[in-house]
Amino acid sequence: MVETVPFLDVGATYQESKTGVAEAVARVLSSGWYLLGPELEAFEREFAAYTGVKHCIGMASGLDALHLTLRAMAIGPGEEVIVPSNSYIATWLAVSHAGATVVPVEPDSRTYNLDPALIEGKVTGLTRAIVPVHLYGQPADMDPIRDVARRHGLWVLEDAAQAHGACYKGRRVGGLGDAAAWSFYPSKNLGAFGNGGAVTTDSDYLAERLRAWRNYGSKSKYTNEVCGFNSRLDEIQAAVLRVKLSYLDHWNERRKRIAHLYLQELQEIGLGLPFVPAWADPAWHVFVVRSSDRDSLRQHLSEADVATLIHYPIPPHLQEAYQGLHLGNGSLPISEAIHREVLSLPIGPHLSDAQVHLVVNAVRGSIRHDRSLSRQA
Ligand SMILES: *Cc1c(COP(=O)(O)O)cnc(C)c1O
């Protein structure tokens, strides 16, 4: 039998936490209270403590967490928000849903994260916020980003959707700006059994407004200060997330071990490997390698029964949804090159060492194969 290596075995996290999950779900179901109740409050308290901030506000998704935080910051039409050119499109969509304009800034091509040196050149009188993304679980370089924000009076909203547990200079991400948005999409490092999201913040002001924005704009029943949304993290998901939160550090340790194996075993074969700055302790949401021959590497791995994904195949500015920005091909060359060359290898808390070695051998085999082809040519 050929051993297959799945990209990520989401179901395995359920198998490991099964007893606690079953107990949590049964507790909620028999309580008769399914929204905005004690499980959400407890999860908010526990996740705020984990992140090292004062408040956590549960939401229905990561996209809502980003979008509603921009609303709570009173950012809207005619205003600009700086976003990375290289991110999952949700970062951009949140800005668009708030009615503001996205202003993309190119990444550092080693870390794939927002290049702080390029931000200031994009700040105008209309800029209101910067949204750094801790992409692939690698923390963005927050100190210089915060410096630019301070000089220009801008909000900083971290997109931490891929970085549960990652640290920057010894501090957990999620408490490094004015607020941070989280996703609990099932395949994230901390994933629900459905949709979920949250905002963490030290700001009493933002926390109070966010609690209203997620609940029809209402701070007390039947009074509405703003035209809010319905975006709550339900009791079942909150109860499940409390159980899974207790596994998060352990699961992240396992991801880190696999990442270090890859970093060690895939050196000096001409493949671009993740660059980890001295101040970064990544959450290893995905393990991204880079190759000018990405598509043939992917094909070869697929033939070796190793699943891979591309994060992401098309940059946001080249999506049909953003044609209105008139940012054509070639307008954001660093991001475009990244999108042409990156490939994510399998990583996750339940990948065995044997599977990791299978991936390593398949990658090495693919590169040897390509070299011998180019010698023959
Ligand atoms: C997953 C993700 C989101 C959106 O989260 P959802 O819960 O799916 O809405 C936003 N930003 C980034 C970087 C993500 O990876």
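Predicted model: local features only at pLDDT ≥ 70, side-chain atom pairs only at ≥ 80, totals over all residues.
1. **Phe47 and Tyr50.** The two residues belong to helix H2, which spans residues 38-51, and they are three residues apart, about one turn of the helix. A search of the whole structure gives 14 aromatic pairs. Phe47 and Tyr50 make a stacked pair because their ring centres are 6.1 Å apart and their planes meet at 10 degrees, with planes under 30 degrees apart counting as stacked.

2. **Trp284 and Phe287.** Another stacked aromatic pair is formed by Trp284 and Phe287, with 5.5 Å from centre to centre and 25 degrees between the planes. Trp284 has 1% relative accessibility and therefore counts as buried. Phe287 is buried too, its relative accessible area being 0%.

3. Arg110 has its charged end over the ring of Phe275, at 4.0 Å from the ring centre.

4. **Helix H4 and its cover.** Which residues of helix H4 are buried? In this helix, residues 90-97, they are Ala90, Thr91, Trp92, Ala94 and Val95. Their cover includes helix H3 (62-72) as well as the strands E2 (80-84), E3 (101-105) and E5 (155-159). Just after H4 comes Gly99, whose phi is positive, at about 90 degrees.

5. **Cysteines.** How many disulfides does the model contain? The count comes to zero. As a reminder, a disulfide is a covalent bond that joins the sulfur atoms of two cysteines. For Cys56, the closest cysteine sulfur is that of Cys167, 17 Å away, which is too far for a bond; the cut-off used here is 2.5 Å. Why does Cys56 count as buried? Its relative accessible area is 2%, and buried means under 20%. Cys227, by contrast, counts as exposed because its relative accessibility is 71%, where exposed means over 50%.

How values were computed
Residues numbered from 1 in each chain as written. Heavy atoms only, no water. Buried < 20%, exposed > 50% of the residue type's maximum accessible area, 1.4 Å probe, protein only. Helix = DSSP H or I, 4+ residues; strand = E, 2+ residues; numbered from the N terminus. Contact = heavy atoms within 4.5 Å. Phe/Tyr/Trp six-rings, centres within 6.5 Å; stacked < 30°, edge-to-face > 60°. Lys NZ or Arg CZ within 6 Å of the ring centre and 35° of its normal.
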